Amino acid sequence: MFHTARRRGLVAVAGIAAAALALTGCVQSQRDDDGGGDGSDAAVDSTFTFASSSDPAGLDPAFASDGETFRISRQIFEGLIGVEPGSADPAPLLAEEWEQNDEGTAFTFSLKEGVTFHDGTAFDAEAVCANFDRWYAWTGVAATESLSYYYNSLFGIPGSADNPLYDSCSADDELTATVTLTRPWAGFIAALSLPAFAMQSPTALEEYAADEVGGTEDAPVYSEYAEAHPVGTGPFRFESWAPGDQVVLSAYDDYWGEQGQVQEVVFRVIDDPTARRQALESGSIDGYDLVAPSDTAALEEAGYTVMQRDPFTILYLAFNQAVPELQDPLVREAISHAIDKEALVEQVLPEGTEVASQFIPPVVNGWNDSVTTYDYDPERAQELLAEAGLEDGLTLTFNYPVNVSRPYMPNPDQIFAALASQLEEVGITVEPVENEWVDYLDLIQGSENHGIHLLGWTGDYNDTDNFVGVFFGRQSLEWGFDNPELFSALDEARQIADPDEATAAYEEINAQIADFIPGVPLAHPAPSLAFDERVTSYPASPVNDEVYNLVELSE
């Protein structure tokens, strides 16, 4: 999921395609039309407590780009489009089906009947259009990049006449809505699975002045709605938020689907990974995310369940071509041959991590199994450096973050140490520069003053543009290169309406990226979760689409 220049990789996030992970087998979706009671069991403690790594940024997912906000919002809100269990592929949710016109610019959604928001407002076509029109109409702080990042980057700047993607929404009848775009976008349906585009109660949005955001982009002052009155259609409704402590949700009695066993959800804020592990061991939480690789064996030996999400991530070593030496493709190829990815994965990355050959996971449409690869070959690396006139070696700044753990980068210091050692073996001396996470993002995304560096991404949905379009769709200070041919190819691919044609275009683009060598795609790490033994089933998702009415408890 995305980040701004200051927030890269904040999401978990998240964000693919394998059977849904569960402690006792494959979890099937229980979001059916049968309704089905509160699912409570008198013998089971129906409160499920999960440790969050931080407070949510707010309670309105439309203004969010961080994983902890989305983790909470997925319980409260639902979108037109959901995700197939255990994958990142789009699936019906509040929209039971949809059709698009031949041009790929108009999408007609048939909506689920009998759905209500938590405040009693009916979910219907008018509510759908109210949400789409809301996003387009933002102004001021609400329309800035940090707050409306997902809408801004995918649809265009809210309220702007500068080539917006959104055109209009019409309520054709009570349960039929048509959204019209100004041009085709192959990823439209998949993108609607993002929590940022969840349906929210028009009544509550108006009553609590949801769009009246004050302050500045760097220090926004959220509305009453975003701090205390979020209202969606999901299985849980908001109860309370004590910043720095916890968020509490309760089961929504009139939920349209299966409620399940869990009747109360508590998200307890525990920012330190060691403290999260200790909270699990003490019994004060039922589970937590981003388990440190060094903790997994001990937790399993103690009887806790540790599980890995299927990897939908990319960890990469990026080359900043503002550095003159890195403008030489011979040098970029030499660095690529100097990296032993297999050893890196085996030595310092979590179990289940896959070696990467390109900047998207193999399960994403557009992955190309015939791209140019640069296998570990230190002798060839030295030959290439000599061809580049660097027989006596090369010195590069190597930037990496400290005191942070991301789904794609659980232990930056260990990853740095392993890569630095490999580079030095072929005559490349690295000068390490470490920064705290927020400062690191400012440095990498906001200046040219960095060299090779570690970063990554957790995908939001199954679309190549969500990876390579984010990285290489335009000039950026992170990568420091200008490649109009690549930029143009990505822009054109994004507007291909036919999925098969789009996949073929992205396969060519991934081959083009591999030949250009903007960096080294290192691995697809598999984030780990840990649970108390009373949690017998958990709907693990590669894109963190984990809704707790599907959690099963034994006591």
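Analyst: Start with a helix pair. From α15, the residues Glu485, Leu486, Ala489, Leu490, Ala493 and Arg494 meet Ala502, Ala505, Tyr506, Ile509, Gln512 and Ile513 of α16 (contact means heavy atoms within 4.5 Å). By class, this contact of α15 with α16 has nine nonpolar, one polar and two charged residues. Here Ala, Val, Leu, Ile, Met, Phe, Trp, Tyr, Cys and Pro count as nonpolar, Asp, Glu, Lys and Arg as charged, and the others, Gly among them, as polar.

The model is predicted: local features need pLDDT of at least 70, side-chain atom pairs count only at pLDDT 80 or more, and totals for chains, interfaces and linings use all residues. Residues are numbered from 1 along each chain as its sequence is written, and side-chain values use heavy atoms, with hydrogens and water left out.

Now the geometry. α15 spans residues 484–494 and α16 spans residues 499–516 (helices are DSSP runs of H or I, at least four residues, numbered from the N terminus). They pack at an angle of about 160 degrees, and their axes are 10 Å apart. Axes are lines fitted to C-alpha atoms over the stretch in contact, and angles run from 0 to 180 degrees between N-to-C directions. The angle therefore makes α15 roughly antiparallel to α16 (over 145 degrees). The crossing of α15 past α16 is left-handed: the near helix is turned anticlockwise from the far one by less than a right angle.

Next, follow Arg494. This residue of α15 meets α16. Arg494 also lines the second largest pocket, where it is listed with Asn152, Ser153, Leu154 and Arg474 as closest to the centre, out of 29 lining residues. A pocket is an open set of points on a 1 Å grid over the protein atoms alone, with a 1.4 Å probe, and with protein on both sides within 12 Å along at least five of seven lines; lining residues have an atom within 4 Å of a point.

The volume of this pocket is about 760 Å³ (the space filled by probe spheres set on the points, which are joined across faces, edges and corners). Two or more lining residues come from each of α3 (149–155), α14 (468–472) and α15. α3 gives the most, with six residues. The lining has 13 nonpolar, eight polar and eight charged residues.

Technical notes
Angles under 35 degrees count as roughly parallel, over 145 as roughly antiparallel, 65 to 115 as roughly perpendicular and the rest as oblique.
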